[in-house]
Amino acid sequence: MIEGISHITFTVRDLQKAARFFIGALDAKEVYDSGEKQFSLSKEKFLLIGGVWIALMEGESAGRSAYDHVAFKVPEADFEAYVARIKEWHVDIHTERPRVLGEGRSFYFYDFDNHLFELHTGTLEERLLRYSQITAPLA
């Protein structure tokens, strides 16, 4: 039986810069740095964000996705503060998709390696409830 997400790995060109971004913009906590040791495919750092294990591995990053992304849950009260913090890093902001009122607020952005992220205030339960109340999807 699947117990949940073990970890999420991102390939990044500059391991130190990526770690600084995750720590500075998303409150990540660094829990491991391989330094010059290489136990995996490359040097790596392990971070925790909201209890989720994020692995950063040094290497060539893939191209930019239009919508494949990781969404971080943030409280509504902290949403604007996180948006402001991320904007201070001068990363590319992704255009928000059309939203249904009541499904939560979102802010999309790319990191320096073209990974797409979202800050989201809603929950799955809130979204399912809201979708069940709508007779037609967005056009």
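**Strands, helices and a few residues**

Tutor: Phe109 stands opposite Phe117 in β8. Two strands pair when DSSP finds at least two bridges between them. Helices (H or I, at least four residues) and strands (E, at least two) are DSSP runs, numbered from the N terminus.

Student: What kind of model is this, and how are residues numbered?
Tutor: It is a predicted model, where local features need pLDDT of at least 70 and side-chain atom pairs count only at pLDDT 80 or more, while totals for chains, interfaces and linings use all residues. Residues are numbered from 1 along each chain as its sequence is written, and side-chain values use heavy atoms, with hydrogens and water left out.

Student: How many bridges join β7 to β8, and do they run parallel or antiparallel?
Tutor: Strand β7 (residues 106–110) is joined to β8 by 5 bridges, and the two run antiparallel. Ser106 is placed opposite His120 of β8.

Student: And β5 with β8, parallel or antiparallel?
Tutor: Parallel, with 4 bridges between strand β5 (residues 70–73) and β8. Phe72 has Leu119 in β8 as its bridge partner.

Student: What is the strand order in that sheet?
Tutor: The order is β5-β8-β7-β6, an open sheet of 4 strands with mixed pairing. β5 and β6 are at the edges with a single partner strand each, so one side of each has no neighbour in the sheet.

Student: Is β8 mostly covered or uncovered?
Tutor: Mostly covered: in β8 (residues 116–120), 5 of 5 residues are buried. Buried means under 20% relative accessible area, exposed means over 50%, and partly exposed is in between (1.4 Å probe, protein chains only).

Student: Which residues point which way from β8?
Tutor: Leu116, Glu118 and His120 point one way, Phe117 and Leu119 the other way, and all are buried.

Student: What is the relative accessible area of His120, and what is His120 in contact with?
Tutor: His120 has a relative accessible area of 9%, which is why it counts as buried. Leaving aside neighbours within four places in sequence, the contacts of His120 include Phe72, Lys73, Val74, Arg99 and Glu103. Others among them are Gly104, Arg105, Ser106 and Arg127. Contact means heavy atoms within 4.5 Å.

Student: Which residue in the hairpin of β7 and β8 takes a positive phi?
Tutor: Asn114, with phi near 70 degrees; the hairpin has 5 residues between the strands. Asn114 is partly exposed because its relative accessibility is 22%.

Student: Where is His90, and is it buried or exposed?
Tutor: His90 is in the loop between α2 and β6 (93–94). With a relative accessible area of 70%, His90 is exposed. Its phi is positive, about 55 degrees, although His90 is not a glycine.

Student: Switching to helices. At what angle do α1 and α2 pack?
Tutor: Helix α1 (residues 15–26) and helix α2 (residues 79–88) pack at about 150 degrees, with axes 9 Å apart. That makes α1 roughly antiparallel to α2. Angles over 145 degrees count as roughly antiparallel, under 35 as roughly parallel, 65 to 115 as roughly perpendicular and the rest as oblique. Axes are lines fitted to C-alpha atoms, for helices over the stretch in contact, and angles run from 0 to 180 degrees between N-to-C directions.

Student: Which residues meet there?
Tutor: From α1, Ile23, Gly24, Ala25 and Leu26 meet Tyr82, Arg85 and Ile86 of α2.

Student: Where does α2 lie relative to the strands?
Tutor: α2 lies across β6, β7 and β8, and runs at about 15 degrees to β7.

Student: What order does the sheet with β1 have?
Tutor: β1-β4-β3-β2, an open sheet of 4 strands with mixed pairing. β1 (8–12) and β2 (29–33) are its edges, each with a single partner strand, so one side of each is left without a neighbour in the sheet. Neighbouring strands of this sheet are turned by 25 degrees against each other on average, direction ignored.

Student: How many bridges join β1 to β4?
Tutor: There are 5 between β1 and strand β4 (residues 52–58), which run parallel. Val12 has Glu58 in β4 as its bridge partner.

Student: Last one: is Glu44 buried or exposed?
Tutor: Glu44 counts as buried, at 7% relative accessibility. Glu44 is in strand β3 (residues 44–49). Not counting residues up to four places away in sequence, Glu44 touches Leu15, Tyr32, Asp33, Ser34, Leu56 and Met57.
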